[in-house]
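Trainee: I would like to learn how to read a protein model, one feature after another. Could we begin once it is in view?

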Amino acid sequence: MTLKTRTADRALPPAVAVDFDGTLCTNHWPRIGSPCYEVIDDLKAMRRDGWRVILWTCRSGDRLDEAVAWCADMGLYFDAVNANLPERIAYFGGDCRKISADEYWDDRAVVVKAEVSNGVSNV
């Protein structure tokens, strides 16, 4: 599960943004599904290795509070919730809407590897 990629910029600690429904637990919105223990364990290990972990979810209000509490019950804690890390805001000189991370874990993600050859992009 763990990719553990890094940007070339070593000035920042590595960061992973992780979705909740369908990634940390099975998707049973608006209820919280069953834990995805492999993902949770990988994230805990990454935090121990110095990675910053951001919860990146569409949940808000009470539903978001429930998700954060559920994660704490699982022993998973976040450096930010639906927000950029302060050190990344300072480094890049602003707080954009997109969460800045080295990896994005989401059950709906599509891996895109763009290659440019002779001025033509092959995605």
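Trainee: Which residues touch the most other members of the largest nonpolar core?

Mentor: Before that, please note that this is a predicted model, in which local features need pLDDT of at least 70 and side-chain atom pairs count only at pLDDT 80 or more, while totals for chains, interfaces and linings use all residues. Residues are numbered from 1 along each chain as its sequence is written, and side-chain values use heavy atoms, with hydrogens and water left out. In soluble globular proteins, nonpolar side chains tend to be buried together. A nonpolar core is a set of buried Ala, Val, Leu, Ile, Met, Phe, Trp, Tyr and Cys residues joined through side-chain atoms within 4.5 Å, where buried means under 20% relative accessible area, judged with a 1.4 Å probe on protein chains only. Here the largest core has 19 residues, and F20, L24, L43 and F78 touch the most other members.

Trainee: Which elements give two or more residues to this core?

Mentor: They are β1, α1 (37-48), β4 and α2 (61-73); helices (H or I, at least four residues) and strands (E, at least two) are DSSP runs, numbered from the N terminus. Apart from this core lies another, of seven residues, including A15 and I54.

Trainee: Which way do the residues of strand β1 point?

Mentor: In β1 (residues 15-18), A15 and A17 point one way and V16 and V18 the other way, and all are buried.

Trainee: With which strands does β1 pair?

Mentor: Two strands pair if DSSP finds at least two bridges between them. Strand β1 pairs in the parallel sense with β4 (residues 52-55) over four bridges, and V16 has V53 as its bridge partner there. With β6, strand β1 also pairs in the parallel sense, over three bridges, and V18 stands opposite W105.

Trainee: What does the side chain of E103 make a polar contact with?

Mentor: A polar contact is a pair of N or O atoms within 3.5 Å; within protein, one must be able to donate a hydrogen and the other to accept it, and residues adjacent in sequence count only if both atoms are side-chain atoms. The side chain of E103 makes such a contact with the side chain of W105 (2.8 Å). In the loop between α3 (86-92) and β6 (103-105) you will find D102, whose side chain makes a polar contact with that of R88 (2.8 Å).

Note on methods: Buried < 20%, exposed > 50% of the residue type's maximum accessible area, 1.4 Å probe, protein only.
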